Amino acid sequence: MKVGGQRFRTIWLHPTNERVVQLIDQRFLPHRFVVEEVSTVEQMADAIRQMHVRGAGLIGASAGFGMYLATIEAAKTNSFDQHLASAAARLKSTRPTAINLAWAIERQLTGMAKAKTAPEKIELALRTAREIAAEDEENCRMIGQHGLNLIEEIARAKNGKPVNILTHCNAGWLAFVDYGSALAPVYAAHDRGLPVHVWVDETRPRSQGSKLTAWELGQHGVPHTIIADSAGGHLMQRGAVDLVMVGSDRTTRAGDVANKIGTYLKALAAKDNKVPFYVALPSSSFDWAIRDGSEIPIEERGAEELKRADGWRNGRMWEVSLAPESSPAVNYGFDVTPRRLVTGLITERGVCKADEKGILELFPEHAS
């Protein structure tokens with residue numbers, strides 16, 4: 001996507017030094033556009049844990065490049081495989097819910113097992129990291145094309161009036177290598193000339209909606225309005241939402257969906273108001289090993305995120321306290337939306353029902 005007219009991915013190799021990974025440090029958006037340089041596994045682990053990068057696909061791509069950096073470090077030690085295993089464990093521990101993280105790491109380890117020498121492993125890890133990023137970009141582009149059909153159908157029924165889409169958190173290009181999942185169809189529709197408008201949940205406590213989704217929609221020229229997290233149900237009751245479209249950090253093979261906390265409540269409101277509720281995700285976000293959403297690990301982040309907030313004033317970031325210091329707080333990062341509330345899943349291979357039969361019709365290689 002473009003920032004100020006210049007095309008960017010969210011993560012890429014330094015143009016003159018392939019041993020350095022560059023990424024957009026999203027902590028400073030929307031006020032500053034900062035590119036961070038990462039050259040060690042520890043730096044990449046910190047970037048994932050502290051949410052310099054976030055979003056299912058981008059976490060996976062970051063882990064892929066992190067494993068590549070690990071091979072460079074491992075080549076300087078007396079125990080290549082031991083260092084690599086340690087790096088893999090360190091990266092896996094950063095964010096427990098997004099399945100893309102472990103998926104990318106295991107893909108790297110499986111690939112490198114075929115190589116014998118350290119230079120071969122480094123070369124293979126670099127190639128695999130690039131492949132993971134390129135596949136994420138292409139899969140999201142295809143999600144956009146398949147989801148476009150849904151928006152076109154609603155647009156025809158509305159006879160030229162804007163299609164109002166509600167989204168939750170950030171599942172745009174900032175959450176992936178490019179294009180995004182839930183926002184990919186929105187961008188495709190906008191570029192096609194269809195009238196679309198996006199209701200953007202603020203998504204407390206980290207406000208990825210108001211900070212990131214609103215920013216990238218604005219960069220692309222897509223009409224949008226920021227709303228409080230609790231306003232979605234009100235808008236649906238008033239007929240102001242035609243479609244809910246969200247992303248996923250992990251979806252079971254039977255169609256239960258883990259996404260940013262608050263998604264379940266949006267799904268309940270959509271069901272009660274007969275508003276279609278779609279989940280957009282690349283196949284790397286499926287957990288083929290589990291069927292029931294209760295098995296998905298839910299990340300619990302620090303209470304300080306909930307009790308404090310940051311903002312921009314006089315050219316710098318400030319943090320303020322929102323709650324009594326003595327009051328305890330619990331900060332769940334995700335919740336699970338059961339498949340019965342999901343109208344359909346939008347993947348790179350097409351749209352399917354949120355059940356095991358529908359999913360496996362698109363991905364038969366995972367039937368066993």
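**Note on cavities, sheets and helix packing in a predicted model**

1. The structure holds two cavities of 30 Å³ or more. On a 1 Å grid over the protein atoms alone, a cavity is a set of points where a 1.4 Å probe fits but cannot get out. Grid points are joined across faces, edges and corners, and a volume is the space filled by probe spheres set on the points. The largest cavity has a volume of about 180 Å³. Its lining comprises 20 residues, of which R54, G55, A56, N170 and D249 are the closest to its centre; a lining residue has an atom within 4 Å of a point. Helix α2 (56-74) and strand β11 each supply at least two residues of this lining. Helices (H or I, at least four residues) and strands (E, at least two) are DSSP runs, numbered from the N terminus.

2. On the basis of the work: this is a predicted model, in which local features need pLDDT of at least 70 and side-chain atom pairs count only at pLDDT 80 or more, while totals for chains, interfaces and linings use all residues. Residues are numbered from 1 along each chain as its sequence is written, and side-chain values use heavy atoms, with hydrogens and water left out.

3. The largest pocket has a volume of about 550 Å³. A pocket is an open set of points with protein on both sides within 12 Å along at least five of seven lines. The largest pocket is lined by 21 residues, and R27, R206, K211, E305 and D310 lie nearest its centre. At least two residues of the lining come from each of α7 (208-220), α10 (304-307) and β15 (308-313).

4. Q26 belongs to the loop between β4 (17-24) and β5 (35-38). Is Q26 buried or exposed? Its relative accessible area is 4%, so Q26 is buried; buried means under 20% relative accessible area, exposed over 50%, partly exposed in between (1.4 Å probe, protein chains only). Leaving aside residues up to four places away in sequence, Q26 touches H52, R54, L58, L174 and L212, where contact means heavy atoms within 4.5 Å. Q26 and A175 are 149 residues apart in sequence, with a C-alpha to C-alpha distance of 9.8 Å.

5. Strands β3, β4 and β5 form an open antiparallel sheet in the order β3-β4-β5. Its edge strands, each pairing on one side only, are β3 (11-14) and β5. Neighbouring strands of this sheet are turned by 35° against each other on average, direction ignored. Two strands pair if DSSP finds at least two bridges between them; β4 and β5 are joined by four. V21 stands opposite V38 in β5. Helix α1 (residues 41-49) packs on the sheet, touching β3, β4 and β5, and its direction makes about 140° with that of β5. Axes are lines fitted to C-alpha atoms, for helices over the stretch in contact, and angles run from 0 to 180 degrees between N-to-C directions.

6. S39 lies in the loop between β5 and α1 and is partly exposed, with a relative accessible area of 35%. Residues up to four places away in sequence not being counted, S39 touches R19, V20, L69 and E73. The C-alpha atoms of S39 and V20 are separated by 4.8 Å, although the two residues are 19 apart along the chain.

7. A second open sheet has four strands in the order β13-β10-β11-β18, with mixed pairing. The edge strands are β13 (286-287) and β18 (334-337), each pairing on one side only. Within the sheet, β10 (residues 250-252) and β11 (residues 257-260) pair in the antiparallel sense over two bridges, and A258 in β11 is the bridge partner of R250.

8. Helix α9 lies across β11 and β18, running at about 35° to β18. In α9 (residues 263-272), T263, K266, A267, A269 and A270 are buried. They cover an arc of only 165° around the axis, which puts them on the same side of α9; the arc is that of the directions from the helix axis to the C-beta atoms. The face turned away from the buried side carries the exposed residues L265, K271 and D272. Just after α9, K274 takes a positive phi of about 55°.

9. Strand β12 (residues 277-280) has F277 and V279 pointing one way and Y278 and A280 the other way, and all are buried. In a regular strand the side chains alternate between the two faces of the sheet. Strand β9 (residues 243-246) and β12 pair in the parallel sense over three bridges, with Y278 in β12 as the bridge partner of M245. Three bridges also join β12 to the parallel strand β19 (residues 344-347), and V279 stands opposite L345 in β19.
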